[in-house]
Amino acid sequence: MDYAITAATTTVNDLLAAAGASAEGLKAVWISYPTATFVTPDHFGETIEVGDGTLRTYDDKSCMADALLAVVNELRMATECTCTFGHEGGYQIATILTDICSKKGKPGDLALMRDLAPVMTSQAICGEGRAIGRAVSQALDAFGPEIEGHITKKVCVAGACKAFQTYHILVSKCTGCGKCLKACDDDAILGKPKFVHVIVQKNCVQCNKCLEACPEGAVVTAGATKPKTPPKPIPVRRKK
Ligand code: SF4
Ligand code: SF4
């Protein structure tokens, strides 16, 4: 969620209160350029100087790899500077983060960003380039394990990155109508009339068609925590 803020000496708690937002459940906020900083809850009460801009909030459904990618891309688009460290560095960071969020991250990606970020912070000519360096270092310090989990555990704990989502059919809701099976073009659903349908994860391409087709809300997506579902179709249990 984005909230407009005006320049002031203030705290994140005061900014949230002024915006009518709650600090409860937040894992971080981003204050946009020219402030350009991530703030975690343990620092929400500290006094900071902020410029005009926006304050963005993140909760447990927010992926911080995706959040960092959005921030980096916004900063890249805000400048026409073509300096090597700001322009090229920003491109490299955005490419790495895009791969991480698309399940194509590689071992060593975080180390590469950790090496590049401080050089951008000290060497970029444009303020946006330096801000990218700072933002990357801050995010890796605060959320390194969450971001790295995309690579090492193949998990987006927030369940936000589409490439890491899995689709499931809930036994408690499925009526065995077959509409999801008809909608799936990838042979990723097993089932027959009056049987709870089952998604074959290895065939699923996360197209979302089954979820849109199901009239019962029985198809759900999951991130790190998956619902328990049968390995093969079983007779419908749901009572109408
Ligand atoms: S998300 Fe798409 S590919 Fe996956 S089971 Fe549903 S319809 Fe099939
Ligand atoms: S998941 Fe939905 S669309 Fe598919 S069989 Fe069950 S109720 Fe019908």
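**Entry 1: Gln-165**

I began with the contacts of Gln-165: setting aside neighbours within four places in sequence, I found this residue in contact with Gly-159, Ala-160, Gln-206, Thr-221 and Ala-222. I note at the outset that the model is predicted.

Gln-165 belongs to the loop that runs between helix H5 (127–152) and strand S7 (166–169).

One of its polar atoms lies 3.2 Å from the backbone oxygen of Gly-159. Gly-159 is also among the residues in contact with Gln-165.

**Entry 2: Ligand 1**

I turned to ligand 1 and looked up which residues surround it. There are 13 of them, and the closest are Cys-184, Cys-204, Cys-207, Asn-208 and Cys-210.

By class, I recorded 9 nonpolar, 2 polar and 2 charged residues in the shell around ligand 1. I also looked up the space that ligand 1 takes, and this space is the largest cavity.

**Entry 3: Ligand 2**

For ligand 2 I repeated the search. Here 14 residues surround the ligand, with Cys-174, Cys-177, Gly-178, Cys-180 and Cys-214 as the closest.

The shell of ligand 2 divides into 8 nonpolar, 4 polar and 2 charged residues. Where does ligand 2 sit? I found ligand 2 in the second largest cavity.

How values were computed
Residues numbered from 1 in each chain as written. Chains lettered and ligands numbered in written order. Predicted model: local features only at pLDDT ≥ 70, side-chain atom pairs only at ≥ 80, totals over all residues. Heavy atoms only, no water. Near = heavy atom within 4 Å. 1 Å grid on protein atoms, 1.4 Å probe; cavity = no way out; pocket = protein on both sides within 12 Å on 5 of 7 lines; lining within 4 Å. Sits in = over half its atoms within 2 Å of the grid points. Nonpolar A, V, L, I, M, F, W, Y, C, P; charged D, E, K, R; others polar. Helix = DSSP H or I, 4+ residues; strand = E, 2+ residues; numbered from the N terminus. Polar contact = N/O pair within 3.5 Å; in protein donor to acceptor, adjacent residues only side chain to side chain. Contact = heavy atoms within 4.5 Å.
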